[in-house]
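Colleague: I would like a close look at a single part of this model, followed by an account of the parts that can be described in the same terms. Please take your time over it.

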Amino acid sequence: MTMSVQENTSGSGEKEEESEDESEIVEESPCGRWQKRKEQVSQGNVPGVESASLAMDTEEGVEVVWNEVLFQDKKIFKSVEEKMKEMFENLMQVDHPNIVKFHKYWLDIGDNHARVVFITEYMSSGSLKQFLKKTKKNHKTMNVKAWKRWCTQILSALSYLHSCDPPIIHGNLTCDTIFIQHNGLIKIGSVWHRLFVNVFPEGGVHGEIHQQRVDKKNLHFFPPEYGSCEDDYAIDIFSFGICALEMAVLEIQANGDSVVSKEAITNAGQSLEDPLMREFTQSCLRHNPRLRPTAHDLLFHRVLFEVHSLKLLAAHCLINNQYMLPENCVEEKTKAFDPNGVLAEIIHNDRPRFQLKYSNVSPLELDKFLEDVKNGIYPLMNFASTRPHPVPRALSMSQEHMETVKTPTPEPQEAETRKVVQMHCNLESNEDTTKIHLTLFLKLEDKLHRQLSCDIMPMFVVISADSSRDLVNELIHHAFISEDDGDKIVTFLEDALSHHRGSASAITTI
């Protein structure tokens, strides 16, 4: 007994040592924010990346993925340097709740190496492929509602990518590059796959560039025309069709062969009982790419399309304008309601009226629903505009700042991307009214609080429109606020200054 306990303790100790060894910090980013660990992770095939490591974002306190592309020599690196910068700057502008976030990149040239390092969001819950395998192993079938919700989220992301200007073609959409969170949120990973293939030279980097052709088990995700024509949205639609089919049947049988045959795909499609689901998947898998629908069109397909509930529309309106509401607004409002008060009433001519009371609404369920909407689980893509989303270049970085970063040279000031959810402004004149002290309190979406203050001249208040814009541009330039929040903060400051004109001291809150 004693020996057995000692052996187990020893084994436990070895595991602890191994765990501590994996969490050891082996490298830091030039700015010190990102800390690379020894532990390796898999986040889908990424061209040119032989391995990816777990890392820590010391500012946000969350785990991220540290990816490296090593070049064979500096000449090759220099030949594609400008293309890489342009590509990575564009990727940093991609922002969608159903797309794995691209956080940061930097270039690093040493005496004996040339590499690019980029940081991406870490998807800890695993891939869609893993989830489908577990579901099948437990002898369960796919819930149709869940299937529709997942398809909507994936199409929401594809519609966003394809409507960017210029369009972004994924080029490697498989169940291995789609990730699912515990709350049901779907995220597409490796959206930079096709961009990497086009920018990184074959043979110029250590990792494989055309990895998808090496992995035979995923060949059925690629359409017949893949590699023989220019990139087009139809490539992603075909891949999505296979993903949708696998989500419905859990697995397309390969009959012992590592390659899934066309016959197996056809049989899987015919096995779907719902004729609308069959039509939906078959439209994506048409041999002629010109006959395949767009992601936006698919969101209007009868199998997915639905008129959104007033509850969902109201939730999106609340989330989009949350900066106008005080903190804990929902909780405070629900507390003030009389549980027996009537929230809504339906009057029938032939039967008693139906009353919905406040007691029928759970504040906890409402909070969870709002959180799910905010995270992107219930997108409003059915009515989204088809106009292109521009993918802007980084406007705040000069050419000098864009130059190659050599460790340990500090990185350029990175732009703020977090949204402001609440604002509070305080304006106070000094005793002789020669100066006005402005204090701006900002709460960001990750609950970080920022307090900014400065002294302004009374003339600033008189010409508030131009002055507010100048001040906000300064805040954007120094990465205190997101460029997307610029207009609403200008309007907010103008209102605050307008109120102050008629009094010596004023406090404005939104």
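Where is Thr177 found, and between which two strands does that place lie?

Modeller: The model is a predicted one, and within it Thr177 is found in the loop that runs between β7 (164–165) and β8 (178–180). Thr177 has a relative accessible area of 1%, under the 20% cut-off, and therefore counts as buried. A polar atom of the Thr177 side chain lies 3.0 Å from the backbone oxygen of Asn172.

If neighbours within four places in sequence are left aside, Thr120 is in contact with Val64, Val65, Asn67, Lys101, Phe102, His103 and Trp192.

Six strands form an open sheet with antiparallel pairing, in the order β1-β2-β3-β4-β6-β5; its edge strands are β1 (25–28) and β5 (102–109), each of which pairs on one side only, and from one strand to the next the twist averages 35°. Between β5 and β6 (residues 114–121) the pairing is antiparallel and extends over seven bridges, with Ile109 standing opposite Ala114 of β6.

Across β5 and β6 lies helix α3 (residues 81–93), which runs at about 160° to β5. In the loop between α2 and α3 lies Val80, which has a relative accessible area of 9% and so is buried, the cut-off being 20%. The C-alpha atoms of Val80 and Phe200 are separated by 7.3 Å, although the two residues are 120 residues apart along the chain.

Another helix, α5 (residues 144–162), has 19 residues and reaches 26 Å from its first C-alpha to its last, close to the 27 Å expected at 1.5 Å a residue. Because 15 of its 19 residues are buried, α5 is largely enclosed by the rest of the structure. The N-terminal end of α5 is capped by Asn143, a side-chain oxygen of which lies 2.8 Å from the backbone nitrogen of Lys145.

These parts belong to a protein with 17 helices and 16 strands, in which buried residues make up 45% of the 510 residues. Among the contacts between residues at least 6 apart in sequence, 63% join residues at least 24 apart. The protein exposes about 27600 Å², and carbon and sulfur atoms supply 51% of that area.

To return to your question, then, Thr177 belongs to the loop between β7 and β8, where its side chain has a polar atom 3.0 Å from the backbone oxygen of Asn172.

Definitions and conventions. Residues are numbered from 1 along each chain as its sequence is written. This is a predicted model: local features need pLDDT of at least 70, side-chain atom pairs count only at pLDDT 80 or more; totals for chains, interfaces and linings use all residues. Side-chain values use heavy atoms; hydrogens and water are left out. Two strands pair if DSSP finds at least two bridges between them. Helices (H or I, at least four residues) and strands (E, at least two) are DSSP runs, numbered from the N terminus. Axes are lines fitted to C-alpha atoms, for helices over the stretch in contact, and angles run from 0 to 180 degrees between N-to-C directions. Contact means heavy atoms within 4.5 Å. The expected span of a helix is 1.5 Å times one less than its number of residues. Buried means under 20% relative accessible area, exposed over 50%, partly exposed in between (1.4 Å probe, protein chains only). A polar contact is a pair of N or O atoms within 3.5 Å; within protein, one must be able to donate a hydrogen and the other to accept it, and residues adjacent in sequence count only if both atoms are side-chain atoms. Accessible areas come from the Shrake-Rupley method with a 1.4 Å probe; for residues, only the protein chains shown count as cover.
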